[in-house]
Amino acid sequence: MKPLVPLFVLALLAAPAGVETASKAESGVTEASVLGHLEFLAGDALNGRGSGTRDEWIAATYIAAQLRRSGIEPLGDDGGYVQDVRIERSEVTAPPVLSFGDRTLTHGKEMVVSRLSAARVSGPLQKYRVGVPVIPGAALLLPDRLPFPAGAETVAAAMVIGIDTEAARTRRLASPARALSIQHLAGVAGRAVIALDASSHAALASLPDGAPIRLDADAKPPVVAHTWNALGRLTGRTQTRADEVILLTAHLDHLGNRAPATAPEPGADTIFNGADDDASGSVAVLELAEVLARGRRPRRTTVFAWFGSEESGGAGASHFIDAPPVPLDQIVANLEFEMIGRGDRAVAAHTLWLTGYERTTLGPALAKHGARIVADPHPGQNFFMRSDNIQLARRGVIAQTVSSFGLHTDYHTPSDDVKTIDLAHMTESIRSMVEPVLWLANSRFRPEWLAGMKP
């Protein structure tokens, strides 16, 4: 370690005036700063930052205050950093029923409805085939061998129907029970995402294309709810490059204060602090924003976004995409930061991984420029589809998630709190991304989808 000190000094002396060195920028990311942000966002006082709650709003306001201190430009409402997203939701009063032929399937029995945007959704059956366009409004049935959901080519469908997997069932059991609700999306037709048990999937697959499929749900009248995003921008210093945008994101909500899926003992902790998921990612983006604001501005514009309600359907990210503060075709790349608070034993120490590494040229380029980043070691978990990045990816943006989630058992439990965070790993992880992010924000590199890998 001793030789690093004189080399570091020589590097600073050799750097041209006005050039931000990675070592100097990284030095601003300290364990004390990381812990300070983390203790607030994942502390009991924020009550778990439940999606669409006042606690989520407070988290967004805290991030806004830090952006103000750093001199980052506001992109929220009324000249501020916080964006109020209006949502209409209806509480479902009985399990939805899927009907086809003379058969009916019930939510919670033969199937699970994970997304629902209308009380009545119907369409003709279409069995998914690679390269065959989806009929608008179809009930699209995915084959049992295809990862669920399929991606952007499914957007035109009214229903996306797949097969329930053991991994999905395990995730549901690990999460607190939540009531199904209908989330009404402005300007979007009725849509549902459904997972069937194996026998029901086989029965549906035996029908001919075009067979009528219908989903019915009884629900209360809609009520207006809110979620909150925090948004800021660092405009690029080069006039010809300022229209090129690097987007750094995380989600600021978690599961709030509620009973766990398993019956808690009297006096048991019921606050889902979400220290790893995703206070860690929120802190990472905040630290990177502070680093970029301290140094010489990159040539490209950098937009920082913290999305609300990722845990309850991604309404914050959906609003960002529907009313983007910058045109989506100007976004060169999106890096989502999700669960970097602990190391993953499936990869080398002090290493991060990138979802969809094999889909684009972004991961290898970041690794070439110093990122300690490898391919996702858990392909069976389908993590590329499980963060807000997927919403942007489905609209054509190169959007991938940086993580080091090692499938720890504190996921979606009250034990995901600050004391479980490996502060040294988290701090080093953020530092390790400073140089690659600075390179990306200053370079002319444009990542591309590899052939056949666009979602």
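Trainee: Which hand does the crossing of α7 and α11 have?
Mentor: In this predicted model, the axes of α7 and α11 come within 10 Å and cross at roughly 45 degrees. That angle makes α7 oblique to α11. As for the hand, the crossing of α7 and α11 is right-handed.

Trainee: Which residues of α11 make the contact with α7?
Mentor: Each helix gives several residues to this contact, and α7 brings S280, V283, A284, E287, L288, V291 and L292.

Trainee: Are α4 and α7 roughly parallel or roughly perpendicular to each other?
Mentor: The axes of α4 and α7 lie 10 Å apart, and the two helices pack at an angle of about 15 degrees. Angles under 35 degrees count as roughly parallel. It follows that α4 and α7 are roughly parallel.

Trainee: Which residues of α7 make the contact with α4?
Mentor: The crossing of α4 and α7 is right-handed. From α4, the contact is made by Y62, I63, Q66, L67 and S70. Their partners in α7 are L286, A289, E290 and A293.

Trainee: How far apart are the C-alpha atoms of R69 and A293?
Mentor: R69 is found in helix α4, and this residue is exposed, with a relative accessible area of 68%. Along the chain, R69 and A293 are 224 residues apart.

Trainee: Why do the buried residues of α3 line one face of the helix?
Mentor: The buried residues of α3, which spans residues 31-41, are V34, H37, L38 and L41. Seen down the axis of α3, these buried residues line one face because they fall within an arc of 100 degrees. In general, an α-helix has 3.6 residues a turn, so residues three or four places apart point the same way. For α3, the value that answers you is the arc of 100 degrees.

Trainee: Which helices are included in what covers the buried residues of α3?
Mentor: The buried residues in question are V34, H37, L38 and L41. What covers them includes three helices, given here with their residue ranges: α4 (54-70), α7 (275-294) and α11 (423-442).

Trainee: Which residues of α11 does α3 meet?
Mentor: The axes of α3 and α11 come within 9 Å and cross at roughly 105 degrees, and α3 and α11 are therefore roughly perpendicular to each other. From α3, the residues involved are E31, V34, L35 and L38. In α11 they meet L423, A424, M426, T427 and I430.

Trainee: Is T249 buried or exposed?
Mentor: T249 has its place in strand β13, which covers residues 245-251. Its relative accessible area is 0%, and buried means under 20%. T249 is therefore buried.

Trainee: With which side chain does the side chain of T249 make a polar contact?
Mentor: Leaving aside neighbours within four places in sequence, T249 is in contact with V285, A305, F307, N334, L335, E336 and F337. For one of these residues there is also a polar contact between side chains, at 3.0 Å, and the partner is N334.

Trainee: What percentage of the 455 residues in the protein chain is buried?
Mentor: The protein chain holds 11 helices and 20 strands. Among its contacts with a separation of 6 or more, 79% are between residues 24 or more positions apart. Of the 455 residues, the buried part is 53%.

Methods:
Residues are numbered from 1 along each chain as its sequence is written. This is a predicted model: local features need pLDDT of at least 70, side-chain atom pairs count only at pLDDT 80 or more; totals for chains, interfaces and linings use all residues. Side-chain values use heavy atoms; hydrogens and water are left out. Helices (H or I, at least four residues) and strands (E, at least two) are DSSP runs, numbered from the N terminus. Buried means under 20% relative accessible area, exposed over 50%, partly exposed in between (1.4 Å probe, protein chains only). A polar contact is a pair of N or O atoms within 3.5 Å; within protein, one must be able to donate a hydrogen and the other to accept it, and residues adjacent in sequence count only if both atoms are side-chain atoms. Contact means heavy atoms within 4.5 Å. The arc is that of the directions from the helix axis to the C-beta atoms. Axes are lines fitted to C-alpha atoms, for helices over the stretch in contact, and angles run from 0 to 180 degrees between N-to-C directions. Angles under 35 degrees count as roughly parallel, over 145 as roughly antiparallel, 65 to 115 as roughly perpendicular and the rest as oblique. A crossing is left-handed if the near helix is turned anticlockwise from the far one by less than a right angle, and right-handed if clockwise.
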